[in-house]
Amino acid sequence: MARKTPVRGQMAVLHPMRIRADALPLADRMFNLWTLTALMLAFAAVLIAPAFAQDAAPEKPGVISILLEWTPTLAKGFGFNVLISILSMAIGTAMGVVLGVLQVSPLRPVRSIAWLVTQFFRNSPWLVLLFYCILLIPFQIEVFGTTIPFPGWIKAVLGLSLPVMAYMSEYMRGAILSIPTGQWESAESLGFSRRQIMTDVILPQTVKRVLPSWMNLYAVLTMATPLVSIIGVNDVMALTRAALSAEGRVDLLIPMYLYILSWFFIYCYPISAVTRLLERKYSVKL
Amino acid sequence: MTWTPDQPIVSLRDVHKSFGTVEVLRGITLDVMKGEVICIIGPSGSGKSTLIRCINALNDIQSGSITVEGLEVNDPKLDKLSLRKKVGMVFQQYNLFPHKTVLQNVMMAPIKVLRQNRAEVEARARKLIAKVRLEGKEDAYPGELSGGQQQRVAIARSLAMNPDVMLFDEVTAALDPETVKEVLTTIKDLAADGMTCILVTHEMGFAREIADCVYFTDRGVIVESGPPATFFDNAQDPRTQQFLSQIL
Ligand SMILES: Nc1ncnc2c1ncn2[C@@H]1O[C@H](COP(=O)(O)OP(=O)(O)O)[C@@H](O)[C@H]1O
Ligand SMILES: [Mg+2]
């Protein structure tokens with residue numbers, strides 16, 4: 001095996017990604033795939049612990065065959081998680097971009113309110129936000145005589161879109177402020193209005209800068225979607241619990257939750273891998 | 001008041017400008033006639049950039065008056081767009097839009113701001129790009145160009161708005177020595193075409209060659225001014241003499 005010899009100018013210390021993790025504040029470092037996965041595991045453990053108290057039925061079909069048998073049902077539930085994550089992400093991103101732009105408004109009151117809203121939702125527990133949405137949004141509303149129903153899962157989508165909005169707002173504010181002021185000035189001297197400068201010059205340049213954080217946020221959001229099972233949405237977590245109680249077997253608990261965890265891992269890991277790739281690419285070029 | 005070409009196209013009267021408590025411009029008065037080229041020189045921090053930015057309303061002023069083609073720049077009711085259509089500006093750091101190609105950079109303002117027909121704008125943009133000698137670079141991104149090339153794109157981008165006056169703020173200061181010349185040549189061509197130019201520059205040879213009038217600023221006032229021949233060879237004020245002896 002040929003060993004890699006150090007190349008001049010390629011010293012590890014020059015690589016920006018090596019110092020990045022340490023450069024982040026602790027709170028941000030905690031907010032990643034692995035801590036979230038650990039949290040989910042703990043969450044699962046709490047859920048399955050009571051089941052250990054009961055005795056399992058004596059005759060046993062194989063664990064694998066049971067898992068396979070339940071797979072279509074669980075897959076439907078997982079699809080629901082994915083749907084919820086995509087919708088929350090879409091709504092949250094749209095609102096977050098607007099809120100982020102308002103955070104740099106030249107009007108002080110607008111700026112302050114946008115800042116307050118951002119900070120409020122960024123520092124609220126997601127589960128509490130979900131409960132609030134369930135409680136505050138009526139199950140249907142009447143507009144011009146037509147009734148629009150609001151099932152639980154739509155409320156869950158809205159509830160999860162709030163923290164997404166807040167994080168996105170912060171990312172956008174940071175990205176907008178990181179664009180050199182010369183861009184504003186040259187656009188202004190060409191006669192662009194402030195709104196035009198924002199939409200045609202500044203916002204397009206923020207895309208690259210925000211993309212890695214945005215993707216990371218999506219992975220975190222996806223891993224948080226099982227929270228919706230607590231408020232009665234039939235997601236993969238709720239269905240797993242239902243399947244387990246239908247089977248009534250203690251030895252299924254660990255494999256089945258592990259099975260579900262692996263789905264999340266397979267879905268989220270590529271996202272976070274691509275995110276790291278983009279971060280490395282753009283951190284050099286910007 | 002309507003402006004006629006026999007009046008100064010740009011006129012400053014006793015302009016004062018402060019940032020907080022620091023007075024950066026302390027009574028600037030100067031006139032520029034249509035087609036004239038004036039150069040502003042002076043030590044760093046003497047307010048040259050501020051002066052030129054005030055003409056374009058990128059900075060406001062505390063007192064005095066600035067008019068461009070009779071348009072009162074410091075009027076709070078001023079329609080900034082009508083001013084920006086008349087005045088083009090080129091910056092030291094080029095400030096091209098990095099997410100747009102050369103051609104898009106040049107075409108953007110006429111289409112978005114003036115709402116001109118895209119095909120006509122494109123034809124004009126291609127001519128301008130040729131004029132600054134960058135044919136073949138239409139589809140390149142700014143990041144792929146040298147500093148001198150970027151600066152020439154910035155000039156073409158300003159020209160696409162058909163301005164009557166061009167402001168240049170140390171546009172060669174960030175360039176490699178070998179690319180300075182190509183940008184200066186572009187500006188020379190412009191001046192030869194009769195464009196009114198106000199330049200802040202440290203290129204004394206260039207100023208001597210191109211300027212109709214040279215102004216020397218120090219600490220927010222114009223110390224001395226005159227046609228380049230008298231200015232450079234026969235400076236009266238000791239501050240001008242000292243500055244010239246340092247830089248020449
Ligand atoms: N936006 C600003 N806020 C505060 N002070 C400024 C600002 N712009 C320029 N100044 C100050 O005004 C003075 C003149 O600056 P400038 O016009 O850039 O000088 P020059 O272009 O001749 O080097 C400097 O002392 C600078 O620090
Ligand atoms: Mg300057």
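View 1. Welcome to a predicted model. An unreviewed UniProt entry labels residues 78–275 of chain A as "domain: ABC transmembrane type-1".

**View 2. The annotated span of chain B.** Here we turn to the partner chain. The UniProt record, again an unreviewed entry, places "domain: ABC transporter" at residues 10–244 of chain B. This span is 38% helix and 26% strand, and its end C-alpha atoms lie 27 Å apart.

**View 3. Where the two chains meet.** Take a look at both sides of the contact: 15 residues of chain A touch 22 residues of chain B. Between chain A and chain B, about 1,500 Å² of area is buried, and carbon and sulfur atoms give 59% of that area.

**View 4. Polar and charged links across the interface.** Zooming in on the interface of chain A and chain B, one finds 3 salt bridges. One of them joins Asp200(A) to Lys112(B), where the closest N and O atoms are 3.6 Å apart. Polar contacts also cross the interface of chain A and chain B, linking 7 residue pairs.

**View 5. The helices of chain A that face chain B.** Two or more residues each come from helix H8 (181–189) and helix H9 (194–224) of chain A, on the side that touches chain B. Of the elements on this side, H8(A) gives the most, with 7 residues. Sorted by kind, the residues of chain A that touch chain B comprise 5 nonpolar, 7 polar and 3 charged.

View 6. The mean pLDDT of chain A is 86, and 83% of its residues reach 70 or more. Where in chain A is confidence highest, and where lowest? The highest value belongs to helix H5 (residues 108–122) of chain A, at 97, while helix H1 (residues 16–23) of chain A has the lowest, at a mean of 51. Residues 9–19 of chain A have pLDDT below 50, and this stretch has 6 contacts in the model beyond near neighbours in sequence. A friendly word of caution: where pLDDT is low, the predicted coordinates should not be read in detail.

Conventions:
Residues numbered from 1 in each chain as written. Chains lettered and ligands numbered in written order. Predicted model: local features only at pLDDT ≥ 70, side-chain atom pairs only at ≥ 80, totals over all residues. Heavy atoms only, no water. UniProt positions renumbered as here; feature names shortened; annotations may be inferred. Helix = DSSP H or I, 4+ residues; strand = E, 2+ residues; numbered from the N terminus. Contact = heavy atoms within 4.5 Å. Buried area = accessible area lost by both parts, 1.4 Å probe. Salt bridge = Lys/Arg side-chain N within 4 Å of Asp/Glu carboxyl O. Polar contact = N/O pair within 3.5 Å; in protein donor to acceptor, adjacent residues only side chain to side chain. Nonpolar A, V, L, I, M, F, W, Y, C, P; charged D, E, K, R; others polar. pLDDT = per-residue confidence, 0-100.
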